[in-house]
Amino acid sequence: MSCPDGAREDSAFTERTGAQRPDVLVVGLGPAGARAAAVAAAAGLQVLAIERRTRIGDPVQCAELVSAAFTVEAMRWEAVTAQGISRMVTRVEDEPPESAEGFAGRMISRRQFDQRLAEHAAACGALLVLGVTVSAVAADGRVRLSNGQTLWPRALIGADGPRSRVGAAIGRANRELVVARQVTVRLEAPYDATDIFLRAEYRGGYAWLFPKGRDANLGVGVDHASRERLKSLLEALHSELAADGRISAASGSMLTGGLIPVGGRLRAFGRLGTVAVALAGDAAGLTNPVTGAGIEAAVRSGELAGRAVCAWLGGAGEALQDYEEELGDLYDGAYARAQRHRRAVLRCADARSLRRGWISSPEYWA
Ligand SMILES: Cc1cc2nc3c(=O)[nH]c(=O)nc-3n(C[C@H](O)[C@H](O)[C@H](O)COP(=O)(O)OP(=O)(O)OC[C@H]3O[C@@H](n4cnc5c(N)ncnc54)[C@H](O)[C@@H]3O)c2cc1C
């Protein structure tokens with residue numbers, strides 16, 4: 001198994017790939033790209049995956065929560081799990097907290113999770129190239145890399161996150177984004193729940209405290225237009241929780257954050273000349289518009305995109321259209337519901353609207 005943990009030499013890259021025309025070029029090695037690369041390589045295709053980071057999953061830009069029901073091929077959960085989650089506690093403005101069962105989850109180490117997915121893709125036969133950025137995608141499907149090389153794949157999978165360059169090349173863009181900021185804090189006592197803070201001041205988003213052993217991820221997300229307030233909002237919540245004795249006042253390391261698409265699913269396929277293009281994960285807008293959760297959809301869509309591209313290269317002309325329909329079946333209902341609630345809360349963010357616009361409320365599902 002080749003190790004994805006570290007940048008490859010450019011010369012090794014040229015030697016290994018030989019031709020400038022791989023069957024499949026995957027851009028981005030987050031969960032979507034790693035799963036797409038694994039599936040396509042396991043089917044016998046020559047797969048190249050390009051990742052601009054020099055270490056997979058680093059830095060972490062995630063609150064690291066997945067549902068307990070989530071399964072991934074070849075994942076050893078015990079190796080990537082920080083702790084289990086048994087319930088969700090919703091805190092609307094300054095009203096008393098409400099605890100809800102039925103939200104069992106898992107706090108993972110996102111770095112280790114992504115690294116394991118990438119290792120599996122390499123074990124399936126994909127060639128992973130780290131520390132190289134896709135700098136341009138031309139109208140005929142030729143892809144220019146930051147190392148000066150140009151590739152012309154037969155199929156291209158854009159798994160390059162919320163601001164996808166591959167998506168832009170086929171006219172797709174995530175136009176509604178939440179901006180998030182997060183720190184790692186020290187808990188004063190062990191905790192078994194995910195805390196969700198719903199307040200009018202977190203416009204278009206919410207805040208969270210997700211425990212992972214002695215530490216926790218404390219974060220705030222707001223709509224893009226409110227991004228200037230993020231720093232002060234996070235600092236205020238940090239001070240509040242420290243004053244309540246829940247977290248240590250001195251803690252607050254590993255500042256991170258990022259963008260979360262909340263505008264709904266994008267059309268996930270296209271053509272650039274003769275090159276078939278499929279988008280997966282955040283690049284295809286596959287995050288829940290209310291919760292921002294996207295890890296599971298990234299994994300699933302990556303797998304489906306990998307399969308679709310294999311079928312298309314094998315002569316199944318409808319395979320990409322089928323991929324689009326599969327994504328619609330899986331996500332359109334849930335995202336439309338979330339979108340309705342998100343818009344309602346943006347119109348009116350009183351305590352009642354905030355509560356019923358969140359997934360732990362029975363009214364959310366009515
Ligand atoms: C602060 C925050 C907290 C979150 N918390 C959760 C959570 O708790 N649970 C959950 O389910 N979801 C969460 N999400 C969402 C989740 O992280 C994403 O939905 C998920 O990472 C999507 O995976 P992906 O593979 O599509 O994209 P990414 O994980 O973004 O991977 C894309 C990869 O593409 C690479 N790339 C981008 N452009 C190029 C280029 N031009 N050339 C080469 N490589 C490129 C990037 O470096 C990156 O590694 C959170 C998001 C944020 C920002």
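1. Ground rules. Residues are numbered from 1 along each chain as its sequence is written. Because the model is predicted, local features need pLDDT of at least 70 and side-chain atom pairs count only at pLDDT 80 or more, while totals for chains, interfaces and linings use all residues. Helices (H or I, at least four residues) and strands (E, at least two) are DSSP runs, numbered from the N terminus.

2. The helix pair. Have a look at helix 2 (residues 31-42) and helix 4 (residues 110-123): their axes come within 8 Å and cross at roughly 20°. Axes here are lines fitted to C-alpha atoms, for helices over the stretch in contact, with angles running from 0 to 180 degrees between N-to-C directions. The two helices are therefore roughly parallel to each other (angles under 35 degrees count as such).

3. What meets there. Helix 2 brings Pro31, Ala34, Arg35, Ala37, Ala38 and Ala41 to Asp114, Leu117, Ala118, His120 and Ala121 of helix 4. By class, this contact of helix 2 with helix 4 has eight nonpolar, one polar and two charged residues. Contact requires C-beta atoms, placed from the backbone, within 7 Å; Ala, Val, Leu, Ile, Met, Phe, Trp, Tyr, Cys and Pro count as nonpolar, Asp, Glu, Lys and Arg as charged, and the others, Gly among them, as polar.

4. Strand 15 (residues 206-212) and strand 16 (residues 215-223) run antiparallel and are joined by seven bridges. Phe210 has Asn217 in strand 16 as its bridge partner.

5. A loop residue. Ser251 sits in the loop between helix 6 and strand 17. Ser251 has 18 other C-beta atoms within 10 Å and is partly exposed (20 or more would be buried, 12 or fewer exposed, with C-beta atoms placed from the backbone). Not counting residues up to four places away in sequence, Ser251 touches Val185 and Arg186.

6. The three-stranded sheet. Strands in the order 9-10-11 form an open sheet with antiparallel pairing. Arg144 stands opposite Thr150 in strand 11.

Technical notes: Parallel < 35°, antiparallel > 145°, perpendicular 65-115°, else oblique. Contact = placed C-beta atoms within 7 Å. Pairing = 2+ DSSP bridges.
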